[in-house]
Amino acid sequence: MIDDEKYMRMCFALAKQGLGNVSPNPLVGCVVLDKEGDIVSKGYHSKYGENHAERDALMRVKYDDTVGGTLYVNLEPCSHYGKTPPCADLIIERGIARVVIGMRDINPLVDSVSKFKEAGIKVDFVLEEEAKFLNRAFIKNMTQKLPYVVIKTACTMDGKVAVNSGDSKWITSPESRAEVRRMRNEFDCIMTSSNTVIADNPSMKHRFKCVLDKDLKTDKDAQIYQQGKIYIASKENTTIKDGQLDLKSLLLDLYSKGICSIFVECGGTLAGALVRDGLADEVYQFIAPKIMNDNSAISCFNGDKIGRISLCRNFDIYKVKQIGPDVLIKYKRKTN
């Protein structure tokens, strides 16, 4: 008996190889079995504008090996012309007998399932929730027309990112800082605040960076401005709400510029505002085995005044990993 879940998880692993390179497209991997149930090809979407996963996999194998076979893909294959021809048509042409899909495509232009059924191809679904989680950024992009926002914090065990004077170097280890540099490549944009630029003078090397600087008080010789494309959000180009930059308006503006995912590296004020306004989808929290033991120190989130524990913002932990001496915890915002 074929283990559908095993092959779908192979698709997930293949799809992740496209992180940082396929935006605004989703992450997609594909595994092809012949009619005997043996793997004959694998593929994934490696770069925006290049072959989709299904075409990548099918073009690597002879026609005779695909006839009567099974194709696994974590997202419903495209059925319309875009940067590339429809994958659904190629799957039908190659004589595939069964297609196993992780999730339906939420793009209304896509309906390959109907095409497959009309062609006599059996269609099954497996691991739908895991498939949706893999492409959670794409789903938000398509349904809300907003970038997916991840906040990165680096704090002590008591949640502090700096001492009262502002000194923060270094709370976490070289291993954690190296991991952050790697993570940046998975996102379309790095976002930070003028406070962070002034306090830390970070370089945050990346192809696109957004600095929130309402009053244009940062030094244009700062390291962050020396590399990559820069978008400075100020009162001159961004809506002001309650005396501050309107974060929702800014995110909509960035999405209109093709920014589908944002990695936020900042202090407690911006991080707290994003959480308060419900604009942070996830938090990547690096926690060092240190206790500052000082209530006057700066917290990693600072944006609310609440009177009851029931008013806390709720997140689900989905990953815990040790990195050097530190712990990385990944949280996803609860939506219900």
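**Figure 1. Met-204 sits in the loop between H9 and E9.** In this predicted model, Met-204 has a positive phi of about 45°, although it is not a glycine. Its relative accessible area is 5%, so Met-204 counts as buried. Met-204 is also among the residues that lie nearest the centre of the largest pocket, together with Lys-152, Ser-168, Thr-196 and Asp-200.

**Figure 2. The largest pocket holds about 1000 Å³ of space.** Its lining is made up of 37 residues. Several elements each supply at least two residues of that lining: the helices are H8 (174-184), H9 (194-200) and H11 (268-276), and the strands are E6 (148-155), E7 (160-162) and E15 (298-299). In general, rolling a probe the size of a water molecule over the atoms shows where empty space is left.

**Figure 3. The whole protein, for orientation, has eleven helices and 17 strands.** The C-alpha trace spans about 70 × 40 × 40 Å along its principal axes. Of the 336 residues, 50% count as buried. Among contacts with a separation of 6 or more, 65% are between residues 24 or more positions apart.

**Figure 4. The largest nonpolar core contains 37 residues.** Met-8, Leu-71, Tyr-72 and Val-99 touch the most other members of this core. At least two core residues come from each of the helices H1 (4-15), H2 (53-58), H4 (87-93), H5 (112-118) and H6 (128-134), and likewise from each of the strands E1 (29-33), E3 (70-75) and E4 (98-103). H1 gives the largest share, six residues. A second, separate core has 34 residues, including Leu-212, Leu-250, Cys-266 and Ala-273.

**Figure 5. Tyr-72 is shown with its contacts from elsewhere in the sequence.** Neighbours within four places in sequence are left aside. The residues in contact with Tyr-72 are then Ile-2, Asp-4, Tyr-7, Met-8, Cys-11, Gly-29, Cys-30, Val-31, Leu-33, Arg-98 and Val-100.

**Figure 6. Helix H10 covers residues 247-256.** Which residues of H10 are buried? They are Leu-247, Leu-250, Leu-251, Leu-254 and Tyr-255. Seen down the helix axis, these buried residues fall within an arc of 140°, so they line one face of H10. As a general point, an α-helix has 3.6 residues a turn, so residues three or four places apart point the same way. At the N-terminal end, Asp-246 caps H10, with a side-chain oxygen 3.2 Å from the backbone nitrogen of Lys-248. After the helix comes Gly-258, with a positive phi near 90°.

**Figure 7. Asp-188 lies in the loop between H8 and strand E8 (189-193).** Is Asp-188 buried or exposed? Asp-188 has 9% relative accessibility and therefore counts as buried, the cut-off being under 20%. Its side chain makes a polar contact of 2.7 Å with the side chain of Ser-23. Leaving out residues up to four places away in sequence, Asp-188 touches Ser-23, His-206, Arg-207, Phe-208, Gly-258, Ile-259, Cys-260 and Ser-261. Gly-258 in this list is the glycine that follows H10.

**Figure 8. The peptide bond from Ser-23 to Pro-24 is cis.** Its omega is near 10°. Pro-24 belongs to the loop between H1 and E1. Ser-23 is the residue whose side chain meets that of Asp-188 in a polar contact.

**Figure 9. Helix H7 covers residues 136-144.** Its buried residues are Arg-136, Phe-138, Ile-139, Lys-140 and Asn-141. Lys-145 follows H7 and has a positive phi near 55°.

**Figure 10. Asp-219 is in the loop between strand E9 (208-212) and strand E10 (229-233).** With a relative accessible area of 48%, Asp-219 is partly exposed. A polar atom of its side chain lies 2.8 Å from the backbone nitrogen of Asp-221. Asp-219 and Ala-199 are 20 residues apart in sequence, and their C-alpha atoms are 11 Å apart in space.

**Figure 11. Asp-242 is placed in the loop between strand E11 (240-241) and strand E12 (244-245).** Asp-242 is not a glycine, yet its phi is positive, about 55°. At 75% relative accessibility, Asp-242 counts as exposed.

Technical notes: Residues are numbered from 1 along each chain as its sequence is written. This is a predicted model: local features need pLDDT of at least 70, side-chain atom pairs count only at pLDDT 80 or more; totals for chains, interfaces and linings use all residues. Side-chain values use heavy atoms; hydrogens and water are left out. A nonpolar core is a set of buried Ala, Val, Leu, Ile, Met, Phe, Trp, Tyr and Cys residues joined through side-chain atoms within 4.5 Å. Buried means under 20% relative accessible area, exposed over 50%, partly exposed in between (1.4 Å probe, protein chains only). Helices (H or I, at least four residues) and strands (E, at least two) are DSSP runs, numbered from the N terminus. Contact means heavy atoms within 4.5 Å. The arc is that of the directions from the helix axis to the C-beta atoms. A polar contact is a pair of N or O atoms within 3.5 Å; within protein, one must be able to donate a hydrogen and the other to accept it, and residues adjacent in sequence count only if both atoms are side-chain atoms. On a 1 Å grid over the protein atoms alone, a cavity is a set of points where a 1.4 Å probe fits but cannot get out, and a pocket is an open set with protein on both sides within 12 Å along at least five of seven lines; lining residues have an atom within 4 Å of a point. Grid points are joined across faces, edges and corners, and a volume is the space filled by probe spheres set on the points.
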